[in-house]
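This report walks through one protein model, beginning with a pair of helices and ending with the backbone. Please keep the sequence and the structure in view while reading.

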Amino acid sequence: MLKKPKWLKAQIPGGELYNETLAAVKGNNLHTVCEEAHCPNLGECWSRGTATFMILGDTCTRACGFCAVKTGRPTELDLGEPDRVAEAVRLMKLKHVVLTSVARDELADGGAEVWVRTVAAVRQACPATRIEILIPDFMGNEESWNKVFASRPDILNHNTETVPRLVKQVRSVARWDRTLALLAAAKKAGLATKSGLMLGLGEEDAELKETLQSLAEVGVDILTLGQYLQPTPAHLPVKEFVPPEKFAFWKEWALGQGFKVVESGPMVRSSYHADEQSLKFAS
């Protein structure tokens, strides 16, 4: 196992805003990807009063090689969840909220209807709040895509996660062509689009360049690049700890390909400083 370098340091949770965020999440019986995915930025983000809410429960029907979220067959669909998310957003007075979900491949629509209800509930409760959604691929179901697109989030995110060669081992049943098609369809629908990759899984520079060029070609606006960290010994191992200067190189290179906003660094995650990304994009 590779030893973690000194530049990988997470903030210890604490402070008034952290406690308020914790209370809002627990008080409304909600799940966050911050907790479920063992995000190293939980302390920093919750101390800023931000969190990424995870809808459709806490059990994912997929078992991706990088992800710490619990996998299995979900037993229920919580239709009260959208209103509780909206209430938490209201209590936290969020100007920008990020919503994500587990994959619910056992549902005919992949959970698209709950996505639509959640966005609508947040819009009604907090009309000034900018909404960013990080969605699964719905197994390529274009009807589900279009339902979610029609909810008109301010930013639509679907993560690429890795280069095409590594998709099968990293992303379970996901497919590179489906990811690209989803992002292209979202852009065609007039949405601001976003995607992210983890580095350090064994990707090569040449194939990373090709992947980023493909994302730029379908009009992805915001790109995030961060270091992959192995959440448990049962997950894929880290092949390389990419140094900060290499992330800086990739940021400049990606901006040259036409992305409007690029966040690139060892601790960057798809929702990391999403509120700031939104402001940059809006301007």
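## Two helices side by side

To compare the directions of helices, an axis is taken as a line fitted to C-alpha atoms, for helices over the stretch in contact, and the angle between N-to-C directions runs from 0 to 180 degrees. In this predicted model, the axes of helix H5 (residues 112–125) and helix H6 come within 9 Å and cross at roughly 0 degrees. Because angles under 35 degrees count as roughly parallel, H5 is roughly parallel to H6.

The residues that make this contact are Ala112, Glu113, Trp115 and Val116 on the H5 side, together with Ser144, Lys147 and Val148 on the H6 side. Sorted by class, the contact of H5 with H6 has four nonpolar residues, one polar residue and two charged residues.

## The protein as a whole

The secondary structure of the protein comes to 11 helices and eight strands, and buried residues make up 53% of its 283 residues. Among the contacts between residues at least 6 apart in sequence, 75% join residues that are at least 24 apart.

## Helix H8 and its surroundings

Helix H8 covers residues 176–188, which is 13 residues, and it reaches 18 Å from its first C-alpha to its last, close to the 18 Å expected at 1.5 Å a residue. Which residues of H8 are buried? They are Trp176, Arg178, Thr179, Leu182, Leu183 and Ala186.

The cover over these buried residues of H8 includes helices H6 (142–150), H7 (167–170) and H9 (205–217), as well as strands E5 (155–157) and E6 (192–199). After H8 comes glycine 190, whose phi is positive, near 90 degrees.

## A cluster of aromatic rings

A search of the whole structure finds two aromatic pairs. In one of them, the rings of phenylalanine 249 and tryptophan 250 have their centres 5.1 Å apart and their planes at 70 degrees, so the pair is edge-to-face, given that planes over 60 degrees apart are counted in this way. Phenylalanine 249 is partly exposed, with a relative accessible area of 38%, whereas tryptophan 250 is buried, with a relative accessible area of 1%.

The rings of tryptophan 250 and tryptophan 253 have their centres 5.9 Å apart and their planes at 80 degrees, so this pair is edge-to-face too. Tryptophan 250 and tryptophan 253 are three residues apart in helix H10 (residues 244–255), and therefore they are separated by about one helical turn. Tryptophan 253 counts as buried at 18% relative accessibility, because the cut-off for buried is under 20%. Through these ring pairs, Phe249, Trp250 and Trp253 are linked into a cluster.

Arginine 152 is not a glycine, although it has a positive phi of about 55 degrees, and it is found in the loop between H6 and E5. With a relative accessible area of 39%, arginine 152 is partly exposed.

Glutamate 161, which is likewise not a glycine, has a positive phi of about 70 degrees, and its place is in the loop between E5 and H7. Is glutamate 161 buried or exposed? At 13% relative accessibility, glutamate 161 counts as buried.

Conventions: Residues are numbered from 1 along each chain as its sequence is written. This is a predicted model: local features need pLDDT of at least 70, side-chain atom pairs count only at pLDDT 80 or more; totals for chains, interfaces and linings use all residues. Side-chain values use heavy atoms; hydrogens and water are left out. Helices (H or I, at least four residues) and strands (E, at least two) are DSSP runs, numbered from the N terminus. The expected span of a helix is 1.5 Å times one less than its number of residues. Buried means under 20% relative accessible area, exposed over 50%, partly exposed in between (1.4 Å probe, protein chains only). Contact means heavy atoms within 4.5 Å. Rings of Phe, Tyr and Trp (its six-membered ring) pair if their centres lie within 6.5 Å; planes under 30 degrees apart count as stacked, over 60 as edge-to-face and the rest as tilted. Angles under 35 degrees count as roughly parallel, over 145 as roughly antiparallel, 65 to 115 as roughly perpendicular and the rest as oblique. Ala, Val, Leu, Ile, Met, Phe, Trp, Tyr, Cys and Pro count as nonpolar, Asp, Glu, Lys and Arg as charged, and the others, Gly among them, as polar.
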